[in-house]
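Good morning, and thank you for coming.

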Amino acid sequence: MEDRTLSADDINDGIRKLADAIRDRTGDSPVALVGIRSRGDEVAERVLNLLGEEDRELAFGMLDISLYRDDFEHLHDNPALQGSDIGFAVDGAHVILVDDVLFTGRTIRAALDALSDYGRPAKVELAVLIDRGHREMPIQPDYVGIALDTRRLDHVLVSLEGSDGSDQVRIVQAIDSQSS
Amino acid sequence: MARKDLLDIESLERRDIESLLDQSVPFKELFTRSVKKVPALKGKSVLMLFYEPSTRTHSSFEVAAKRLSADVTNFDVGQSSITKGESVRETIETLQAMRTDYVIVRHKNSGLPGVIARHTKASVINAGDGAHAHPTQALLDAFTIKEKFPDPSGRKVLIVGDILHSRVARSTTMILQKLGVQVAHLGPGSLVPKLNRDVTRFTNYEAAMDWQPDIVYLLRVQMERQDVQFFPSLREYHQLYGITDLRLEQIRERGLYIMHPGPVNRGVELCDSVMDYERSLINDQVENGIAARMAVLYWLKPGSEQQDP
C-alpha cells in the first residue's frame, strides 16, 4: 500500500468541523481552548479564530506536557521544554483540550495531570484534529475533525501552516507492519 | 546531548549552556502556579552530600529537587573525618548501595566531586569544590544576566573581590566568556590572578569604572577563610572595593546592575542601601538558582555513559 496524504483542504475541513461541533455543543457559554504543544496550540488557535466571530467569552492557553510524560526511563534525552502559558483562571473553567493527533492517549493523560496543577476545571473535554485509533488508555475524544484508519506502527506526520509552513498530513507505512 | 554529571563549566559546550539557560525559563514559569511541583523526577532520589556548610546552595538544590518530585535525603557528613581518601571511598560505596540517582556534592577539596562521579552510576552535580568550580552558580548568574540582556554578547561584567580563592569567580567568568560577555576582575593585586588573557584586570575601583561595565558583580568576602589576611581590614576593603553610598550614586546614575552570590556581608561588599536599589539582581539570583538547578537535574541522565576522567 502506498503512503497516503491529506491535503490542506482536508485539514481546513477538519478544523471547521471541530469549530462547528464545539459551537453546537457549547452554545454561547464561555469556554477555554487549551492547545497541547506543539501543533495542538496551532489547531486550537485556528478553531478559536472560527469561533471568534461570536459574541462569547473565549480563552486560550498552551500546555507543554513534557514534564508529565510517563516514559522518561526510556528516553535517551529528556524532551526540550517549550513552556506552558495558561493566562486564564482554570478553577471552574470549561476547558477543551486540543491536540493535532490522538493516538495512544498517553499525551492526554499527561495533559490532564498538567492542567490540574493549574486549578480545578468545572469540565474538561477533548478535541482532536485527527483520531488515528490504537488507544492504550481509557481516553476518548469529544470532538474529532478527521477519523483516520491506521495501523499501529504507521506514522502520522502532521505539518501545519504556522508551525511548519504548510498544511499537510502524511500517513507513512511502517516497513514491517504486517501485524497491525 | 544528555550527560551523566555536571562538574564544571569548562566541559560544557556553548550550545549546552544556551540550552540549559533556555530550559531554565519554563521551570521559572512554574513558580507562578499554585502547584509549583511537576512529576518529572517522581521516584528518583537525590542525595545531598555537603562537606562544607552552606544554607543557600543547599536549600536551593533541595527546593529544585522537590519541585521535580524527587525524594531528597541529607547525608549528614561531619566537618571532620572526611579529608582522608578512605572515608571518601566508603561514602561512594554507601552511595552505590543506596542506589541513589543524583548526588549533589560540596567539598573543600578541588576535584572531589569528579572522583565521586567516576566511581558511581549516580549523576553527580558539583555544588562547589574548593577554589575550582561552582557550575550551577555560573548557570544561575548567566540566566539572571540573560533576563536583563537577552543577547549578552559584548556586554561587560566586572567581578569584584578575592578572585584568587573564588570558585564563583572562576566558573562565572568561564560561562560569561563562553557566551561572549567581556569580563574584568577587580580586587587587591595579590588576589587578582592572571586567569586568562581575555580577562581585563584592575586593582583600582575608579579605573575599573572607566572600563564602563554593565554589571558589577561583588564576590562574598569569605570571613571564615581569613586565616591569612589578604587585606588589612574589612573597613578598608569596603572603602577600596565595596559599594559605598557614594559609589551607589554613580552606579544608579549609570543604571548599572549589581549582583552578588550571597549571603551578603553588609558594610563590607556593599552598603545597606544596595539592598533597596532597583537594579540589584541579588534576589533574582536566588529565585533563578532554583530554576537553573531544576534545568540541570532534568538534563542529566543518571546511569548513562560514565565520563572519562
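I begin with chain B of this predicted model, where helices H2(B) and H10(B) pack at an angle of about 55°, their axes lying 8 Å apart. The crossing of H2(B) past H10(B) is right-handed. On the H2(B) side, the contact involves Ser60(B), Phe61(B), Val63(B), Ala64(B), Ala65(B) and Arg67(B); they meet Gly289(B), Ile290(B), Arg293(B), Met294(B) and Leu297(B) of H10(B).

Let us turn to H1(B), residues 14-30. At 1.5 Å a residue, its 17 residues should span 24 Å, and the end C-alpha atoms are 26 Å apart, which agrees. Which residues of H1(B) are buried? They are Ile17(B), Leu20(B), Leu21(B), Gln23(B), Ser24(B), Pro26(B), Phe27(B) and Leu30(B). These buried residues pack against H2, H5, H6 and H10 of chain B.

Finally, chain A. Here H1(A), residues 8-26, and H2(A), residues 40-51, pack at about 60° with axes 9 Å apart; the two helices are therefore oblique to each other. H1(A) passes H2(A) in a right-handed crossing. Among the residues in this contact are Ile15(A) and Leu18(A) from H1(A), and Val43(A) and Leu50(A) from H2(A). The residues of this contact comprise eight nonpolar, no polar and three charged.

Thank you for your attention.

How values were computed
Residues numbered from 1 in each chain as written. Chains lettered and ligands numbered in written order. Predicted model: local features only at pLDDT ≥ 70, side-chain atom pairs only at ≥ 80, totals over all residues. Axes fitted to C-alpha atoms, helices over the stretch in contact; angles between N-to-C directions. Helix = DSSP H or I, 4+ residues; strand = E, 2+ residues; numbered from the N terminus. Parallel < 35°, antiparallel > 145°, perpendicular 65-115°, else oblique. Left-handed = near helix turned anticlockwise from the far one by under 90°. Contact = placed C-beta atoms within 7 Å. Nonpolar A, V, L, I, M, F, W, Y, C, P; charged D, E, K, R; others polar. Expected span 1.5 Å × (residues − 1). Buried ≥ 20, exposed ≤ 12 C-beta atoms within 10 Å, placed from the backbone.
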